[in-house]
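Please examine the sequence and the structure shown below.

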Amino acid sequence: MTGGTVLVTSRSFGGGTVRCEDRLTGAGLTVVRGSTAHDLDELRPVLAGTVAWIAGTAPITRDHLAAAPHLRVIARYGVGVDNVDLDAAAGHGVTVTNTPGANSEAVADLAVALLLAALREIVPAGRDVREGTWRPRRGRELGALTVGVAGFGRIGRGVARRLSGFGARVLAHDPYVEEADVPLVTMETLAGTCDAVTLHAPGGTTLIDAAWLARAKPGSILVNTARADLVDEAAVAAALRGGRLRAYATDVLADERPGGLLAPDLADRVLVTPHIGAHTVEAVDRMGQGATDAVLSALGLSASGGRAEGHHVAPR
């Protein structure tokens with residue numbers, strides 16, 4: 001098959017050092033960039049001739065699929081496929097893939113960076129200096145702490161490896177893991193034992209609620225580079241104001257309006273980054289290569305260029 005259109009709606013596809021788009025055009029495909037929000041009215045004219053879709057995180061619905069009669073593959077540029085209507089895709093004979101492991105190292109790095117920044121109060125300390133206040137802030141040493149890792153897949157294990165280099169004691173919770181090189185415990189044990197907990201579980205279940213926070217060690221730190229819905233944000237805000245939590249460091253927010261966890265009175269205790277977990281040059285290259293490989297494989301094409309980790313065909 002040559003001459004088909006590949007729709008790209010991932011903002012950072014091809015933004016690293018690997019020229020993924022050249023591999024697609026070299027195989028005779030035409031690459032068209034489209035709405036990263038997957039606005040159907042904007043995408044409809046392109047979808048009519050699209051054979052492959054390299055997609056970001058916005059939803060892909062039954063209506064999108066109905067507008068793409070020639071679509072053969074949706075290559076999710078990233079890990080999850082939860083924003084794709086998998087039943088509708090299967091009904092249309094569309095293969096859905098993702099790029100497992102492509103951003104694991106990047107997210108693990110960010111989790112540890114956020115934890116260190118919270119422990120040493122780096123952001124408010126920098127603000128103090130800019131305001132002319134040179135007062136020391138007393139932090140904690142990571143090697144003296146017990147850190148809980150909730151979710152022990154690729155990213156959680158990567159975080160644990162990094163923490164071991166600091167000398168921290170690491171505990172993990174994951175109901176789907178039976179063996180690990182660190183002790184596996186319950187979420188309740190993490191609450192009562194850990195000085196810090198970092199979240200790396202899939203979304204869909206609230207792990208951190210008012211009841212869990214009531215059991216947490218006073219002055220503990222919570223890190224979230226996974227999914228916003230793992231956390232009851234109102235309960236976290238209350239725990240911060242009440243002193244149960246010392247800090248919350250997150251790359252994801254359910255409520256991104258000025259208020260809630262972004263309220264001015266929490267500015268020194270809430271560290272937020274703008275969904276940058278997967279945004280390293282290396283992760284962008286791996287995700288791009290994995291998505292490109294998936295497209296070429298599904299269409300029975302080949303082009304010169306390196307391969308990333310094997311792509312994953314999502315269950316239907």
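Alanine 150 has leucine 199 of β8 as its bridge partner. The two strands concerned, β6 (residues 146-150) and β8 (residues 196-199), are joined by four bridges and pair in the parallel sense. Two strands are taken as paired if DSSP finds at least two bridges between them; helices (H or I, at least four residues) and strands (E, at least two) are DSSP runs, numbered from the N terminus. The model is predicted, so that local features need pLDDT of at least 70 and side-chain atom pairs count only at pLDDT 80 or more, whereas totals for chains, interfaces and linings use all residues. Residues are numbered from 1 along each chain as its sequence is written, and side-chain values use heavy atoms, with hydrogens and water left out.

Strands β6 and β8 belong to an open sheet of six strands, in the order β7-β6-β8-β9-β10-β11, with parallel pairing. At its edges lie β7 (169-173) and β11, each of which pairs on one side only. From one strand to the next, the twist averages 15 degrees.

Helix α7 (residues 154-166) packs on this sheet and touches β6, β7 and β8; the direction of α7 makes about 165 degrees with that of β6. Helix α10 (residues 233-242) also packs on the sheet, where it touches β9 (220-224), β10 and β11, and its direction makes about 140 degrees with that of β10. Contact here means heavy atoms within 4.5 Å. Axes are lines fitted to C-alpha atoms, for helices over the stretch in contact, and angles run from 0 to 180 degrees between N-to-C directions.

## Strand β4 and its partners

Strand β3 (residues 50-55) pairs with β4 in the parallel sense over four bridges, and alanine 55 has arginine 76 of β4 as its bridge partner. Strand β4 is also joined by three bridges to β5 (residues 95-98), and these two strands run parallel.

Buried means under 20% relative accessible area, exposed over 50%, and partly exposed in between (1.4 Å probe, protein chains only).

## Cavity and pocket

Where is empty space left? Rolling a probe the size of a water molecule over the atoms shows this. On a 1 Å grid over the protein atoms alone, a cavity is a set of points where a 1.4 Å probe fits but cannot get out, and a pocket is an open set with protein on both sides within 12 Å along at least five of seven lines; lining residues have an atom within 4 Å of a point. Grid points are joined across faces, edges and corners, and a volume is the space filled by probe spheres set on the points.

The structure holds one cavity of 30 Å³ or more. The largest cavity has a volume of about 50 Å³. Its lining includes Leu190, Cys194, Trp212 and Leu245. Strand β9 gives the largest share of that lining, three residues. By class, the lining has 10 nonpolar, one polar and one charged residues.

The second largest pocket has a volume of about 190 Å³. Of its 15 lining residues, those closest to the centre are Glu121, Pro124, Asp268, Arg269 and Val270. Its lining comprises 10 nonpolar, no polar and five charged residues. In this classification Ala, Val, Leu, Ile, Met, Phe, Trp, Tyr, Cys and Pro count as nonpolar, Asp, Glu, Lys and Arg as charged, and the others, Gly among them, as polar.

## Selected residues

| Residue | Relative accessible area | Class |
|---|---|---|
| Histidine 38 | 3% | buried |
| Threonine 5 | 16% | buried |
| Glutamate 121 | 19% | buried |
| Arginine 135 | 46% | partly exposed |

Histidine 38, in the loop between β2 (30-33) and α2 (40-47), has a positive phi of about 60 degrees although it is not a glycine. Threonine 5 is placed in strand β1 (residues 5-8). Arginine 135 lies in the loop between α6 and β6.
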